[in-house]
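Here is a brief report on one protein model.

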Amino acid sequence: MRDAATGRPSQGIPLLLDVDTGIDDALALLYAVASPEAELVAVTALHGNAPVGDTERNTRAVLELAGRADVEVAAGSAAPLLRPLETTPETHGPHGLGYAALPEPGSPRSDRFGPDVIVDAARERPGELTLVTLGPLTNLAVAVLAEPKLPRLLRRWIAMAGAFRVPGNTTPVSEWNIHCDPEAARIALGAWQAAVDADEAQPRATLMGLDVTERARLLPAHLDALAARAGDGRLTAFARDALRYYFEFHARYDGFYGAFVHDPFVVAAALDGALIRTESVSVDVDASHGPGDGQTIADWRRTTGRRPNADVVVEADAHAFLDRFVERVGGLAAGRAGQAGAQAVCHPKARIGRSSPNRPAFRDVRPILSPDPMATME
Ligand SMILES: [Ca+2]
């Protein structure tokens with residue numbers, strides 16, 4: 001395979017994932033490993049769903065489970081640029097992986113700083129690298145402050161970020177990744193704005209917001225199909241234990257026993273542009289601390305006269321993605337089944353660390369599509 005941008009031989013699409021692992025980040029890592037066209041260059045972790053110590057460790061543990069302990073994993077930002085750390089144990093469990101508890105990874109943690117890894121990888125392969133951000137944008141903001149040419153050095157940046165023409169999932173207007181660090185989001189999108197202002201041919205950011213990622217609802221039936229494809233190995237057990245926590249959260253707050261799987265959908269779109277349709281628009285972020293704080297503001301009617309700095313995803317084929325997810329991750333799990341190594345284990349004493357002030361109190365909502373998930377915990 002040759003890289004279309006450079007014409008040089010390539011092993012595939014070079015991907016650098018920036019994550020806050022996180023249940024759906026874990027699924028995104030598995031999807032990337034399971035995708036033959038992806039060349040996983042490195043993974044950088046940061047605060048978000050859990051503190052960075054957990055997200056970095058979770059990332060190494062998941063990659064090890066998937067047979068890719070060789071991939072460099074670097075810890076990055078421990079907190080937003082200007083705001084206090086906020087995590088979401090009510091959504092992803094006390095350490096980020098729901099009821100799953102993976103063994104301490106044996107692979108070493110990189111001694112490099114996450115944003116440095118992003119900058120170095122982009123400089124080493126100018127015009128080749130696809131950066132996929134699946135958490136708050138702090139690492140990317142730090143990287144772009146260190147290397148203002150980053151938008152021109154990357155082949156592409158695609159993000160799970162924002163809420164376009166829909167309400168937020170964290171405040172009435174704000175999506176979680178933007179909400180955590182609006183200043184970082186402004187810096188990143190501002191850098192892409194400056195790049196296209198200087199040269200309209202520069203690649204725009206690609207943003208997948210809630211309005212499209214929430215079309216990907218992973219249900220117990222998908223897990224059953226994955227298990228049928230894979231058998232009951234440790235990777236399947238991990239997916240079941242992690243997702244059961246996520247399913248219970250969505251049953252409480254979103255009215256269905258299943259889960260929005262935002263992050264793997266974005267990786268799938270990064271690898272196959274046929275899954276999405278985009279519209280070019282200039283996007284900025286509100287960081288006012290007022291009621292609009294964390295809102296992604298898209299200039300759909302071109303009232304500002306600014307050049308589009310982003311391709312916002314407006315249509316995405318969730319059905320094709322979910323089929324592909326089951327096929328690919330199921331295939332990976334089948335290949336890993338029965339291999340030596342520690343088991344993914346259920347974590348029956350996983351407790352809620354605290355409730356986000358942005359979430360209503362827990363309600364006792366029974367699963368709609370499945371028997372009581374707690375019945376299997378003993
Ligand atoms: Ca994430």
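## A helix pair

The model is predicted.

Which residues make the contact between H1 and H13? From H1 come Leu30, Tyr31, Val33 and Ala34. From H13 come Phe325, Arg328, Val329, Gly331 and Leu332. By class, the residues of this contact are seven nonpolar, one polar and one charged.

## A strand with two partners

Strand E7 spans residues 205–208. Both of its faces are covered. Ala205 and Leu207 are buried on one side. Thr206 and Met208 are buried on the other. In a regular strand, side chains alternate between the two faces of the sheet.

E7 pairs with strand E6, residues 156–160, in the parallel sense. Three bridges link E6 and E7. Here Ala159 stands opposite Leu207. E7 also runs parallel to strand E13, residues 310–316, again with three bridges. In that pairing, Leu207 stands opposite Val312.

## The core

Which residues have the most contacts inside the largest nonpolar core? They are Leu30, Ala188 and Ala242. This core has 119 residues. Leu30 also belongs to the H1 side of the contact with H13.

Ala188 touches Leu137, Leu140, Ala141 and Val144, leaving aside residues up to four places away in sequence.

## A helix and its surroundings

Helix H4 runs over residues 114–124. Its buried residues are Gly114, Pro115, Val117, Ile118, Val119, Ala121 and Ala122.

What do the buried residues of H4 pack against? Four strands take part: E1 (13–19), E2 (38–45), E3 (73–75) and E5 (130–133). Two helices do as well: H5 (138–146) and H6 (150–153).

## The whole protein

The protein has 13 helices and 14 strands. It has 378 residues, and 55% of them count as buried.

How far apart in sequence are the residues that meet? Take contacts between residues at least 6 apart in sequence: 83% of these join residues at least 24 apart.

Notes
Residues numbered from 1 in each chain as written. Predicted model: local features only at pLDDT ≥ 70, side-chain atom pairs only at ≥ 80, totals over all residues. Contact = placed C-beta atoms within 7 Å. Nonpolar A, V, L, I, M, F, W, Y, C, P; charged D, E, K, R; others polar. Buried ≥ 20, exposed ≤ 12 C-beta atoms within 10 Å, placed from the backbone. Pairing = 2+ DSSP bridges. Core = buried A, V, L, I, M, F, W, Y, C linked by C-beta atoms within 7 Å.
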